[in-house]
Amino acid sequence: MSFLKKIKPVAKNAFHSEKDILSRHAARITAEIQQGERKGYNEVLNLSSGDLHSMGIKPLTFIRQVLAACFYPALLQDECLPLDVRERAKSLLKECEGGSVGSYTDSSGIAKIKQGVSKFISSRDGGVPSSPENIFLTSGSQRGLMIMVKLLFQSKDSSWQTGVLIPVPSYASFNLALAAQGIVMVPYQLCEEQGWTLKVEELHRALRSGRTTCNPMAIYICNPGNPTGHIQSKESIKEVIQFAAEEKLLLMIDEVYQNCLYGDRPEFYSYKKVLSEMGSTVELVSFNSASKGFMGECGLRGGYMELVNFDPTVMQYIRNFFYTEHTTPVSGQIAVDLMANPPKPGDPSFPIFSEEVESTRNTIRNNIHRTQKVLDELPGISCQPLKGGFFVFARLHVPPKAIEWAKNRQMEPDLLYCLHLLEETGLHVRPGCEFGQKKDTHHIRLCLATQEEIMEDVLQRLKTFHLRFMKEFS
Amino acid sequence: MTENGFKQHDRVLTMDTINPNVISVEYAVRGPIVQRALQIEKELKMGMKKPFTEVIKANIGDCQAMGQKPITFFRQVLALCSYPDLLEDSRFPDDAKSRARRILQACGGGSLGAYSVSQGIEMIRQDVAQYIERRDGGVTCDPDNIYLSTGASNAIVTMLKLLVSGEGASRTGVMISIPQYPLYSAALAELGAVQINYYLDEDHCWSLDVNELRRALQKAKTHCTPRALCIINPGNPTGQVQSRQCIEDVIRFAAEERLFLMADEVYQDNVYADGCEFHSFKKVLFEMGAEYSETVELASFHSTSKCYMGECGFRGGYMEVVNLDPEVKAQLTKLVSVRLCPPVPGQALLDVVVNPPQPDEPSYGTFIKERSDTLAALAEKAAITQKILNQIPGIKCNPVQGAMYTFPRIHLPQKAILEAKEKGESPDMFYCMKLLEEKGICLVPGSGFGQREETYHFRMTILPPKDKLKIVLGKIQEFHQCFTAQYS
């Protein structure tokens, strides 16, 4: 028997196996289908994660052409590749040691790419200055978040464990990362009835409660929200910054969906911009990633974070700490560069690039409309307006009989709903209990970033199942 | 008050509130000397006059940065995977195309941009398992025991995270060689684990003596609970290739003392010296019979960053775990899921590394030539380095049996040692800084890796192209003579 059974308690408590039931079941069903066991459907439709490519959305051509030319520079001579592709690959390779993407880079990322990111940020924010010195390239926003919480962590010997205010609902991977690091989660409820808005009174309540059990040091906000799809108003952002200033909290702002906006008038405000307009000195770290947006390059592992108003000595230690991080993969850094600095009007690749981006945006926008329409017509299921991101977090109004049934099975009602939905229709979506939700409410989360035909199929399967479900438990 | 009437508030994150373990983390390979080297490069660019025209960075094991060419076949497959339109391009060989197609089929949506499962794409893990079986003469490898990772470093840190627990006397102790690759000391510092040093024997080619392991372990038992033993083979920074006997001894020791073995084998193809051969810990373990192969817990690490591939920037790697308790393995699987997944291009690269062109395939000839040339060049440079350094009075260098570095012992005059200590610098840092300022050569002082008290070393890579390497060695000779004379 291995001594390792006395494993670090935090690692042990961090995970609830319940969450894996669905994935395991989905894998089992897929295997059964492959072995010819007939079901009412030909395949499992996986809408469980925000992974565009796996759901049939194609990568952006420009990005893949640049990547290929960087990986295999013989392509730089290939006139089949547009000129701007070749120029960009050439200029990126120049920034790599030995002219190769196989070399290590500076720990915080290739300098020229960081400069490009700071220009992007500055331009996005209407000229608010951004310094490359404050930018760190990471292997995705998840990694950036983990590094930040690591900095905040205090060992068990200290009198108070570090806490971070987190929204309910919040996406599961982030919660796992916090738990794995030994950080106490201090939940604050988003207000579903008002479109998942953030109420500052609720922040105050959560903080008061949190202070009785831990030392809350930071507040994490996801804007646009995951899974909620909510976008914070400028007023709300100001309130949060004010709150953070008064209560001495660090702001950790996850803005990875900032490019996934569907309204006619984009309503996204970056925290950096509002912070700057307010002249606030609150410490802010903002995250962005190449996994989202319409690039969807989750597998390349690229992202960045910008740190503002941090203590200079602390910044130096953060840089030192990055030396042991062993660099973001160069593929991810390239993806970040292309995200920050895409083709512009007049560039040879611009027409195809903008067409591909628009096409994906329209697809998701249409999926949103279809989904809202179908859900509106169904009893017992509803959703708040979806302003940004890829997901719909639909409310299930679970009939009392169904709640009883779930209780008898010792499972959360929405998890049980998802299991049966999966079994009967092959749809893999996630239950609200995984993200956190107000007591006695139930939800499901679906990713809408898929081809329109697939979305239609999904909605039909969901509709069929849901009507039967509601009927059976009426 | 700020302009907008905002009260200037105290910061949340200060040196008092930051995680204290983060402060103690140091990583010499990219530390202060490298920062100064970068600064000097900037100064040169701005036209500042120096006794040299370029900084030669022999501090980090970055092959391609120093001119080593990537393997054509690997880059072709990666390009095809990135931009599958190229599959129609007749300039790419069929064997590259077939591998690219196969890899893409295993990716979500046929794209490198989709998340993979956290443990790594199953097909690739199967391929890695078969590679390991071939390498180890048929010893079985279960793909489920393979975890793809973001370079070997990431897997090493994950394993250490799993191993470290307890408080006070029950705090996990981890045995690591001195000298060591400072990723280990950094990770242990960050995790708040106890580092247990065992000394490699400089007088005997940096070999490992089990008696020394025993000594270190006994001493450590008084203040911690030793749980793991890390070994780097071929060694970094020392370059020694452990004999088969030595590996058996280590396994036996680990079995007796109930230690978890961590075998860092990233340099397994970098073996140069006659009479030296790489033996994987896994293979030796299984050849020692069931008494050991069914009980000793082992994690072996490999990566695409070293050997003849040198693809550091792709962050490809894996670990194989053996005899892990099933419950613990479940925890490991969950722990890796927090990082979502290793970079997919790195996974794809690993797949081609374990599935290189075969003799009957079109790319075989070029592939074999590129691989042999690269390894031969490294072997030649290892020999040149060893020879020239040993000709310098005051510098003594063990044979560079493998890996990519030399770790020579430097004799420093007493005056120099005193001056360094007055400045609050370790003497070899003092030496290396001067070497950098006077000759433009960037090495890493031995103190960054650990060494016996009152001994001094530096680590230099053997990676610069041969001609440049000779120049570097010549400059070191000049410098050492001047330095010795100056401080006599």
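This is a predicted model: local features need pLDDT of at least 70, side-chain atom pairs count only at pLDDT 80 or more; totals for chains, interfaces and linings use all residues.
**View 1. Surroundings of B:His457.** B:His457 sits in the loop between strand S13 (444-445) and strand S14 (458-461) of chain B. Its relative accessibility is 1%, so B:His457 counts as buried. Two polar contacts involve its side chain. One is with the side chain of B:Glu202, at 2.9 Å. Another is with the side chain of B:Gln451, at 2.8 Å. Leaving aside residues up to four places away in sequence, B:His457 also touches B:Trp206, B:Asp428 and B:Gly446, among others. A run from B:Phe407 through B:Pro408 and B:Arg409 to B:Ile410 is included in its contacts.

**View 2. B:Ser111 and its contacts with chain A.** B:Ser111 lies in the loop of chain B between helix H4 (94-105) and helix H5 (122-135). B:Ser111 counts as buried because its relative accessibility is 2%, under the 20% cut-off. The side chains of B:Ser111 and A:His53 are joined by a polar contact of 2.7 Å. Within chain B, the side chain of B:Ser111 reaches the backbone nitrogen of B:Gly113 at 2.8 Å. Not counting residues up to four places away in sequence, B:Ser111 touches A:His53, A:Pro59, A:Arg64 and B:Leu104. B:Leu87 is 24 residues from B:Ser111 along the chain, and their C-alpha atoms are separated by 14 Å.

**View 3. The second largest pocket.** This pocket holds about 1,700 Å³ of space. Its lining has 47 residues, and the closest to the centre are A:Glu97, A:Asp106, B:Leu38, B:Glu41 and B:Lys57. Several elements each supply at least two lining residues. From chain A, these are helix H5 (111-124), strand S2 (135-138) and helix H11 (312-323). From chain B, they are helix H2 (32-45) and strand S1 (56-57). H2(B) gives the largest share of the lining, 8 residues. By class, 19 lining residues are nonpolar, 12 polar and 16 charged.

View 4. The largest nonpolar core has 134 residues. A:Phe390, A:Ile444, A:Leu446 and B:Phe74 touch the most other members. Helix H3 (residues 61-71) of chain A gives the most to this core, with 8 residues. A second core of 132 residues is separate, and includes B:Met66, B:Tyr181, B:Met404 and B:Leu435. What does A:Ile444 touch, residues up to four places away in sequence not counted? Its contacts include A:Ile381, A:Val392, A:Phe393, A:Ala394 and A:Leu396. Also among them are A:Tyr417, A:Cys418, A:Val429 and A:Leu462. A:Arg430 and A:Gly432 are touched by A:Ile444 too.

Notes: Residues are numbered from 1 along each chain as its sequence is written. Chains are lettered from A and ligands numbered from 1 in the order in which they are written. Side-chain values use heavy atoms; hydrogens and water are left out. Helices (H or I, at least four residues) and strands (E, at least two) are DSSP runs, numbered from the N terminus. Buried means under 20% relative accessible area, exposed over 50%, partly exposed in between (1.4 Å probe, protein chains only). A polar contact is a pair of N or O atoms within 3.5 Å; within protein, one must be able to donate a hydrogen and the other to accept it, and residues adjacent in sequence count only if both atoms are side-chain atoms. Contact means heavy atoms within 4.5 Å. On a 1 Å grid over the protein atoms alone, a cavity is a set of points where a 1.4 Å probe fits but cannot get out, and a pocket is an open set with protein on both sides within 12 Å along at least five of seven lines; lining residues have an atom within 4 Å of a point. Grid points are joined across faces, edges and corners, and a volume is the space filled by probe spheres set on the points. Ala, Val, Leu, Ile, Met, Phe, Trp, Tyr, Cys and Pro count as nonpolar, Asp, Glu, Lys and Arg as charged, and the others, Gly among them, as polar. A nonpolar core is a set of buried Ala, Val, Leu, Ile, Met, Phe, Trp, Tyr and Cys residues joined through side-chain atoms within 4.5 Å.
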